Each structure stands twice: as C-alpha cells, then as structure tokens.
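Hi everyone, thanks for coming.

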Amino acid sequence: MNLQTPTVRSLIFIDELMVEGTSKGNHMTIAVLLKQVPDTTAKISVNGGRVDENAVSKWSFSPYDEYALESALQLKESAGGEIVAITAGPARCEKLLRDAAAVGADTLVHVSAENINDFDSIQVQNLLAAAVQKSGASVVFCGKQAADTNAGSTGPGVAELIGASCVTLVSEVSSDGGGYTATRPSSAGHEKVAVSAPCVFAFDKGICEMRRPNVRGIMMAKKKPIETWSVEDLGVDIGANGVNIDSHSPPAEKPPGQKFEGADSVSTVVSKLRDEANVI
Amino acid sequence: MPYEALDFYDVDSLLTDEERMVRDMVRDFVDEEVIPKIEHACRDGVFPDEWRVALGEMGVLGAPLKGYDCPGLSYTAYGVICRELERGDSGLRSFASVQGSLAMYPIWDFGSEEQKQYYLPKMASGEWIGCFGLTEPDYGSNPGDMITKAEDMGDHYLLNGAKMWITNGTIAQLAVVWAKLDGVIRGFIVEKDDPGFSAPEMKGKHSLKASVTSELVFQDCKIPKDRILPGVKGLRGPFSCLNNARYGISWGAVGAAQACFDSAKEYSLSRIQFTHPIASYQLVQNKLAWMLREITKAQLLAYHLGQKKDAGTWIPEHISLAKMNNVDIALEIAREARDIHGANGILDEYCIMRHMANLESVKTYEGTHDIHNLILGRHITGIQSFTREL
C-alpha cells in the first residue's frame with residue numbers, strides 16, 4: 001500500500017457534470033470519522049515525551065472533523081440519508097459521539113481501543129476502514145488532518161483500504177442523488193470534483209462552522225445507544241506498528257530582538273526598518 | 001485568554017452528562033455570541049434580538065418546564081444555564097429568567113389548558129417574549145398592597161394601574177400581570193396590542209444596560225375573559241414564580257463572580273508593578289484567595305439547592321439564603337476585582353465594572369438582600385418583622 005498515491009477512481013474537473021453512481025432515492029449512509037483531541041484552548045502538559053492525558057482539562061472535536069460533520073449534516077438535510085459517527089479510542093471518546101448525536105448524527109459507533117496512542121497511523125486507518133465497512137457506509141467524511149498529530153493521512157489511508165475515491169482539502173460537498181460534487185481550492189481559485197461512491201472526502205475549513213446543539217438534540221443524544229466494536233469484533237488484523245518517528249525538530253528559534261535607546265539611534269532604526277525589515 | 005471556569009472543588013463533576021452538555025452549549029454561545037458584543041450592547045442600551053433567537057434555538061427558555069414544547073430539563077440544568085448566561089451578562093440571564101420563571105411558569109402552572117397550548121410553545125421557541133408585572137412604583141417589597149386592579153365587566157376584564165421595573169416589558173408580546181379582582185390578587189395575560197395597554201421603556205440606567213426595563217401602563221385596558229389565570233389566587237401566584245427566578249439568580253450570580261475572578265486573576269498575573277506581577281504580592285493573593293473561597297461556597301450552595309429543587313425537598317427560605325448570599329458575594333467579588341484591576345477596572349475593556357453595576361440591581365430585584373434576611377429571620381424566630389403598627 002502506498003499512502004502517497006491513494007487510489008482516485010474518478011476525478012472529473014467540470015462545471016456541469018453527469019456522473020455515474022447510485023440512483024436517486026437510494027439510501028445514502030455517510031460515515032463521519034471523528035477524533036477527540038485536547039481542546040486547542042486547553043492547557044496541556046507533557047509527561048514522558050507525551051501529552052499527559054490525565055491533565056487535559058477539555059477534550060473536543062478535532063476542528064477539521066467539525067467541518068466534516070457539519071457538511072455531512074447539511075448533505076443529509078439536502079439529499080436525505082443517514083449519518084454514522086465513528087470514533088476510535090478509549091472510553092472518554094464516547095462524549096464525542098454524544099456531542100455528534102446532539103447535532104444530528106443518527107448512529108454512534110465507538111471503536112474501543114484503550115491503547116490507541118500505541119497504534120501508528122496505518123493501524124488506526126485499518127481500524128477505521130473496517131468500521132466504515134461494517135457500518136455499511138459508502139461515503140466517508142473526515143477532517144483533512146487532526147489537531148493533535150497533524151499527520152493528514154486518515155482520509156487517503158482509509159480510502160485506499162476500502163477501495164474508494166478520495167478528494168482532499170474539500171470545503172463543500174453536494175449530491176444530486178447520484179454522484180457527489182466536492183469543492184476544493186485550485187491554483188485558479190476553486191474546482192469542483194465529481195466522484196461516485198464509494199468515496200472519501202477530507203475536509204479543510206469550509207464555508208460553515210459546526211452548528212450549535214440544542215436541548216432537544218442533547219436529550220435525544222442521551223438516549224441514543226452507542227455501538228461499541230472492539231478490534232476483535234471488527235475482525236481486522238491491524239498489523240504491526242510500522243511507522244516510526246525517528247526524531248522531532250522544533251522550528252528554528254527566532255533571533256533575539258534588537259533594542260535601541262535614545263534619539264541617537266533613530267537613523268539606525270529607520271535604516272534597519274527600511275533595508276532589513278522592508279516595512280517602510 | 002480563553003475563559004477557564006473556576007471550579008476548585010470540581011462541583012461540575014456532580015452534574016449529569018446531559019447537564020454538562022447543556023453547560024457547554026450555553027458556555028460556547030456566551031463565548032462566541034455574547035462576550036464579543038456585550039459592551040457595545042451596553043453602550044447602545046439594547047438587548048440584541050439575535051440573543052433571543054439563539055436562546056430559542058438552543059431550547060433553553062423555560063428550561064425546567066415539561067410538555068408544551070418546553071425543554072423539560074432538571075432544575076439543576078436550569079441553574080447551570082443561568083450561571084453560564086450571567087457569566088456573559090446579568091441582563092442576558094434576566095431575559096431568560098423572566099421569560100422562563102416569571103412569564104412561562106405561571107401559565108404552565110396556573111394557566112388553562114388552552115392558555116398553555118396557545119402561549120407556551122411560542123414562548124419556548126423565543127418567538128414570543130413575555131414579561132411579568134408585579135412591582136409598582138409605590139409597592140416593591142410590599143406587593144400585597146398593590147393598587148392595580150381588574151374589574152369584571154361581564155364579557156371582559158378592565159385593568160387599571162401601572163407596573164414599574166419590568167424586564168422585557170417594551171419588547172414583550174405578552175405580560176403576566178398581577179392585579180386585584182374584588183380585592184384578591186389574580187394573574188392576567190395581557191397581550192401587546194390590547195387596547196389601553198402601553199409599555200414605555202425606562203431610560204437612564206447605569207445597570208443592566210443590555211436589558212430592556214419598562215413601565216407597564218393600563219388605562220381602561222380591556223382583555224378577554226379567558227385571559228385570567230384560573231389556577232391561583234393571592235400572593236402565592238407571583239411568589240411561586242419568584243421562587244423559581246430567585247433560584248436561577250443564585251446560580252447566575254456565581255457566573256458573574258467567576259467572570260470577575262477570571263479577569264482579576266489574569267490581570268494580576270500580567271500587571272507589573274515594582275518590577276513584579278501584582279499577583280506575587282500578599283495583599284493581592286489574599287483577595288484572590290478570598291474570592292476562591294466565596295465562589296466555591298456559593299457553587300456548593302447552588303448545586304445542593306438545585307438537588308433539593310429536583311428532589312422537591314426545598315422550602316422558599318432555602319432559596320432566600322442562596323439568592324441573598326450568592327449575589328452578595330458576587331457583588332463584593334466584583335468590587336475586589338475592580339480594586340485589583342486598578343484604574344483599568346473602570347474601563348469597558350474589562351467586564352468588572354459592568355458586572356458590578358449589574359449586580360447592584362440583582363441585589364435589589366427579586367426580593368432585596370434585606371427582605372431575604374427578614375424571610376430567614378421569620379423562619380428562625382417564627383416572628384415576622386416586615387411590618388408593624390406604628
């Protein structure tokens with residue numbers, strides 16, 4: 001499997017298109033892959049080279065996954081169908097599924113993996129791909145990357161495993177009841193990409209923020225069952241840990257600032273602003 | 001800096017998952033929609049209509065009421081909603097308190113089936129705003145002597161009198177008005193366009209500036225016979241509503257106090273005087289420690305009262321104590337926070353002075369601080385001290 005070149009079965013760059021796909025009226029099931037990450041505003045502490053999960057004050061949706069979920073909700077509203085929210089991780093992830101149900105996810109799937117942090121990205125993709133197939137979904141929405149690892153491999157990786165087309169950096173998806181049209185940036189502005197199911201869309205920040213839940217949704221979410229699937233339930237061999245990170249390189253430190261005092265330094269400051277900083 | 005709610009004893013861990021989800025929903029709304037706009041709303045003296053829409057869409061209006069499209073949440077959840085709203089502004093919480101506890105509740109508890117079906121769904125959605133007319137210009141702590149009266153004219157009622165300090169009055173589609181019919185206090189539903197009814201806004205407030213405060217004027221105001229609340233007579237009606245509103249205030253004040261503490265903590269850590277952050281000085285730490293202590297006690301008080309409300313084991317005096325205490329400490333915390341902020345504390349760049357000014361109103365409305373002390377005094381001694389023959 002080569003994750004650098006995911007299989008793309010049908011890419012058509014057009015304005016007006018006719019695409020093959022399921023016929024209008026067929027039931028569409030969208031799997032939305034959600035990852036729970038430390039909230040971007042939460043203070044985190046590092047212990048043993050890893051984020052100390054016990055010290056994370058707030059867990060949230062990975063922001064790009066929020067765009068995927070909101071887009072799925074909008075597609076469901078316009079074209080019908082059903083949304084299956086899938087997350088993999090320890091028990092704390094169930095909160096994420098409840099939050100997804102509160103805004104409109106129909107089915108909740110928790111791939112139970114207490115040791116998810118020991119898995120590499122390919123192993124996680126194996127788990128998620130198996131869950132997608134078990135859910136019966138033919139369309140997958142996910143974020144383009146997670147806010148914690150920023151690997152950006154889940155969408156293409158799952159697409160490869162389930163034999164689906166994959167469109168990345170998506171801002172919007174629509175459906176005419178047959179195929180799907182995704183909007184994403186191009187060198188000329190934006191392009192529309194038409195694909196048919198099975199397909200995976202990896203979302204960038206789009207035109208919509210995730211909707212706020214309401215009390216009715218929250219109360220329904222409380223009653224909604226969560227299907228918990230273990231690795232064994234999925235019957236998948238996630239393989240050996242094959243991705244090794246040899247080293248981390250922090251960004252180069254910025255050079256220290258320069259300090260000037262007194263009226264005598266004015267000409268020096270002006271010349272530096274003009275000739276070095278190029279701001280005047 | 002993102003808001004970090006002070007919860008020293010982890011009281012929120014006692015909430016149910018559902019209550020925490022409601023908390024997060026309202027907290028996000030306040031962060032995203034209220035705090036960026038509140039100072040402008042105060043300067044302009046308006047209650048932004050989009051907040052009404054959002055509260056309706058979130059489905060938090062009339063939070064603990066069941067049926068008739070009402071949310072049906074726990075009283076604890078209602079308290080949490082009030083706390084999060086008042087962290088934004090007391091005026092916002094006042095809007096929700098009046099709508100839910102003072103306008104929807106009496107219809108829900110004392111209204112006819114037809115009244116419930118007609119009014120409650122559109123009030124729960126925020127489509128219709130309600131207000132509550134009890135206080136009069138000359139009768140605040142002593143509403144039993146109100147002079148607004150209703151007359152039975154055979155095929156309609158005629159209302160005459162005036163109410164004052166009415167939150168939401170000018171923007172409301174309906175008012176639940178308490179008036180004497182043959183000397184007995186009764187509740188009436190007055191709609192905005194009823195002949196003889198007007199609701200001019202009161203201007204010039206230094207407090208609750210982002211909340212609409214009005215007079216209600218009834219000059220031969222004619223209302224249909226089916227607008228009387230059939231289920232209650234006497235002061236029990238309005239006092240039942242006030243108990244629920246006061247309960248919400250006991251939580252709301254904690255939110256205002258948390259906002260002031262949060263700002264004071266951040267400011268003291270960043271403000272350098274005599275080469276060190278002022279947070280490093282003992283006098284400032286003493287103030288912050290006192291705030292922490294009082295907020296923690298207020299949180300425990302509010303939570304336990306919420307549990308008693310949900311279990312039905314409360315008495316009105318429990319609510320008096322919580323309302324009185326929590327508003328009192330919130331106001332003192334706002335004042336101490338202003339002190340920590342120094343001169344900056346008077347600017348609307350910080351929330352402090354706004355909360356302080358708001359809490360002066362909150363201390364007085366829905367039973368003044370002193371009246372709640374007298375309620376407790378009566379409970380302790382069995383002797384009422386509200387009035388005496390002179």
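Before we go on, a word on the model. It is a predicted one, where local features need pLDDT of at least 70 and side-chain atom pairs count only at pLDDT 80 or more, while totals for chains, interfaces and linings use all residues. Residues are numbered from 1 along each chain as its sequence is written, chains are lettered from A and ligands numbered from 1 in the order in which they are written, and side-chain values use heavy atoms, with hydrogens and water left out.

Back to our pair. Are B:Tyr119 and B:Trp128 buried or exposed? Both are buried, where buried means under 20% relative accessible area, exposed over 50%, and partly exposed in between (1.4 Å probe, protein chains only). You can find a second case at B:Tyr75, where B:Lys309 lies over the face at 4.2 Å from the ring centre.

Now please turn to chain A. Its secondary structure comes to 7 helices and 15 strands; helices (H or I, at least four residues) and strands (E, at least two) are DSSP runs, numbered from the N terminus. The C-alpha atoms fill a box of roughly 80 × 50 × 45 Å, taken along the principal axes. Of the 280 residues of chain A, 43% count as buried. Chain A also has an aromatic cluster, formed by A:Phe141, A:Tyr180, A:Phe201 and A:Phe203.

Why is helix α2 of chain A, residues 94–103, largely enclosed by the rest of the structure? Because 7 of its 10 residues are buried, among them A:Leu96, A:Leu97 and A:Asp99. Just after α2(A), A:Gly104 takes a positive phi of about 135 degrees.

How do contacts in chain A run along the sequence? Contact means heavy atoms within 4.5 Å. Among contacts between residues at least 6 apart in sequence, 73% join residues at least 24 apart.

B:Pro277 is found in strand β9, residues 276–277, and counts as partly exposed at 27% relative accessibility. Leaving aside neighbours within four places in sequence, B:Pro277 is in contact with B:Ser268, B:Leu269, B:Arg271 and B:Ile272.

Where does B:Leu235 lie? B:Leu235 is in the loop between β7 (213–224) and α7 (236–270) of chain B, and at 27% relative accessibility B:Leu235 is partly exposed. With neighbours within four places in sequence set aside, its contacts are B:Pro143, B:Gly144 and B:Ile185. B:Leu235 and B:Asp310 are 75 residues apart along the chain, with their C-alpha atoms separated by 23 Å.

That's my tour, and I'm happy to go back to any of these places with you.

Notes
Rings of Phe, Tyr and Trp (its six-membered ring) pair if their centres lie within 6.5 Å; planes under 30 degrees apart count as stacked, over 60 as edge-to-face and the rest as tilted. A charge sits over a ring if NZ of Lys or CZ of Arg is within 6 Å of the ring centre and within 35 degrees of the ring normal.
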